[in-house]
Amino acid sequence: MSFFLYKPHVYGPAGVTTPDIIIDYLRTDEGKVISPQMLTSDTFLSAQGTMHVTPAYGKIAAGGGALIAPMLLLDDGRYVLPRLAWRIGHLPDQPICLSFRHASWALPGAKERITVRGHCEISLFAKKTCEVTLPSTVDIFLTQDGEKPLPLTLHIDACSKAPATQNARYSVGPTRKEVKHYI
Amino acid sequence: MKHTAYAATMQGLWLSHDDGESWARLLTPTGGFYNEARCWCVEAHPMCPGEVLVGTDQGLYRMNPAEGRFDYIPSPMDSLHILQVARDPNDPDFIVCGTRPAELFISENNGESWVRAPLDAATECWFINTTRVTSIQFDPRDTDVIWATVEIDGVFKSEDRGKSWTLMIHGLADNDAHDLVFYDGELGRDILASTEDSMHRSMDNAVSWLQEPTDVAPFVYYRSLVQVGANSGIVLASVGDKPSGETGMVLRSTDVGKTWQTIALPHPPNSTIWGFGTHQADPDLIYFCTIFGQIFQSKDGGITWAKKRRELGEIRMITWEPQDMDTKQ
């Protein structure tokens with residue numbers, strides 16, 4: 001019953017549509033099934049000083065037609081799924097390219113549709129993994145001639161270190177006399 | 001009848017213990033509930049006054065009247081909008097919740113555990129992009145049968161307490177469905193369905209529908225339906241210019257929707273009338289709310305109405321129950 005609630009902003013010829021889509025089945029194009037709760041947002045706190053990221057793209061089933069979005073695999077197994085997406089059926093019949101770190105690739109299977117509700121399929125560029133030193137941003141984007149590029153900017157920061165943080169505080173409002181709270 | 005009225009609003013759940021004259025929320029710091037949570041639905045317990053369920057954008061809550069607070073109910077719906085909640089009137093531990101996106105979640109043990117029902121509603125739709133559940137009803141003839149309406153997808157029916165569902169839209173002129181009422185008479189069953197394009201009627205248990213436009217109202221956006229008493233032929237319908245709209249009307253029928261009468265209101269509604277609030281303890285006591293915050297009350301089964309002074313911003317549902325137990329405010 002677990003699922004990930006995906007809230008894409010889908011760029012299409014008539015504007016931007018914003019369906020909320022439940023993803024309850026996540027797999028790679030090689031058939032590896034992954035918990036949908038390994039999907040995460042594009043702002044990330046890492047407990048490590050460095051981390052590895054792998055470019056990818058995902059296709060998501062949707063009632064109005066399958067979506068495609070750039071993705072990243074993080075080295076702890078989580079997948080970054082940004083909220084910007086295209087609807088595959090709206091795209092011209094031209095190759096979709098994924099760009100990452102000054103390299104780009106045409107996506108061979110990008111036009112294949114997936115139609116089963118709740119499904120998301122990820123295609124990885126496993127040999128393109130790179131190391132990132134924190135804090136950092138990682139940019140990846142999908143392009144197609146005549147279409148607005150779809151960017152994914154992953155913001156990675158390091159987790160706070162305990163000695164550098166302040167104690168959590170509690171505030172009660174009135175500090176000099178009893179006053180009525182209006183909350 | 002002394003009663004407590006509840007209004008689910010975009011700024012929490014409001015309560016009135018004085019016939020709808022004054023309204024307040026539970027204490028913010030210790031009420032167990034963020035007072036500005038968006039609340040879409042509130043459901044009174046048929047046997048335990050005060051133990052209402054509230055669906056929000058932050059999960060499902062149950063009021064604990066003895067402690068004067070809300071108790072959070074863990075469920076898979078925390079990240080969803082819980083728009084509808086219904087309990088089997090014969091088995092109140094059996095709870096069905098409807099969400100946005102349009103899914104149904106069912107608990108058979110008063111919220112201890114949940115399953116996601118195989119509703120298979122459309123995952124996208126025109127105009128609102130994401131489908132959502134607009135009503136859930138247990139069939140008054142057989143509570144193993146559950147009905148749900150989905151905007152925008154149509155009318156769904158389950159004959160096995162939610163384990164399987166069938167989409168029943170043959171003949172619907174518009175599958176933007178909002179609400180249902182059931183009437184079982186000597187000549188058979190009538191079901192009325194309100195949609196964004198007029199009222200619809202089925203006389204074959206929703207196998208097929210016939211659109212029933214009426215010239216009584218200048219609008220076709222039908223929203224809420226309610227019967228004045230169990231299996232009554234007296235039906236109230238709300239109709240507005242559009243969602244959320246700038247005005248609305250109450251229509252009343254005494255013959256299960258075959259003819260309608262426009263009900264005079266003491267003050268013009270400021271938007272579409274979003275919902276009626278009734279309770280079996282007194283079918284003549286009825287509230288309605290406009291989506292933009294007005295509250296009206298009738299004590300004669302919807303023939304005459306009084307507008308309450310207090311307005312509450314955006315109201316999505318209103319209901320009431322007999323006042324047998326105090327709640328702390």
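**Confidence**

The model scores ipTM 0.87 and pTM 0.93. Chain B has a mean pLDDT of 95, with 98% of its residues at 70 or more. One stretch to treat with care is residues 325-329 of chain B, where the pLDDT is below 50, although the model gives this stretch 17 contacts beyond near neighbours in sequence. Where pLDDT is low, the predicted coordinates should not be read in detail.

**Where the chains meet**

At the interface, 16 residues of chain A are in contact with 18 residues of chain B. Together the two chains bury about 1600 Å² between them, and 52% of that area lies on carbon and sulfur atoms. Polar contacts link 9 residue pairs across this interface, counting pairs with both residues at pLDDT 80 or more. There are also 5 salt bridges between chain A and chain B. One of the pairs to look up is A:Arg117 with B:Asp120, whose closest N and O atoms are 3.6 Å apart. Both residues belong to a network of salt bridges that also takes in A:Asp24, B:Glu103 and B:Arg116.

Over all chains, the structure holds 29 salt bridges.

| Salt bridge | N to O distance |
|---|---|
| B:Asp19 and B:Lys308 | 3.9 Å |
| B:Arg141 and B:Asp184 | 3.0 Å |
| B:Glu159 and B:Lys157 | 3.1 Å |

The salt bridge between B:Asp19 and B:Lys308 links distant parts of the chain, 289 residues apart: B:Asp19 sits in the loop between strand 2 and strand 3, and B:Lys308 in the loop between strand 26 and strand 27. B:Asp19 is partly exposed because its relative accessibility is 23%, while B:Lys308 is buried at 5%.

The salt bridge between B:Arg141 and B:Asp184 also links distant parts of the chain, 43 residues apart, with B:Arg141 in the loop between strand 11 and strand 12 and B:Asp184 in strand 15. Here B:Arg141 is exposed, with a relative accessible area of 52%, and B:Asp184 is partly exposed at 21%.

In the remaining pair of the table, B:Glu159 is exposed at 58%, whereas B:Lys157 has a relative accessibility of 9% and so counts as buried.

**Strand 21 and its partners**

Strand 21 pairs in the antiparallel sense with strand 20 (residues 235-240) over 6 bridges, and B:Gly248 is the bridge partner of B:Gly240. Strand 21 also pairs in the antiparallel sense with strand 22 (residues 261-262), over 2 bridges. There, B:Leu251 stands opposite B:Thr262.

**A buried arginine**

B:Arg223 lies in strand 19 (residues 221-227) of chain B. Is B:Arg223 buried or exposed? At 9% relative accessibility, B:Arg223 counts as buried. Its side chain makes a polar contact of 2.7 Å with the side chain of B:Tyr221. Leaving aside neighbours within four places in sequence, B:Arg223 is in contact with residues including B:Glu151, B:His178, B:Asp179 and B:Trp274.

Definitions and conventions: Residues are numbered from 1 along each chain as its sequence is written. Chains are lettered from A and ligands numbered from 1 in the order in which they are written. Side-chain values use heavy atoms; hydrogens and water are left out. Helices (H or I, at least four residues) and strands (E, at least two) are DSSP runs, numbered from the N terminus. Buried means under 20% relative accessible area, exposed over 50%, partly exposed in between (1.4 Å probe, protein chains only). A polar contact is a pair of N or O atoms within 3.5 Å; within protein, one must be able to donate a hydrogen and the other to accept it, and residues adjacent in sequence count only if both atoms are side-chain atoms. Contact means heavy atoms within 4.5 Å. Two strands pair if DSSP finds at least two bridges between them. pLDDT is the predictor's confidence in each residue, from 0 to 100. Buried area is the accessible area (1.4 Å probe) that two parts lose on being put together, summed over both. A salt bridge is a side-chain nitrogen of Lys or Arg within 4 Å of a carboxyl oxygen of Asp or Glu.
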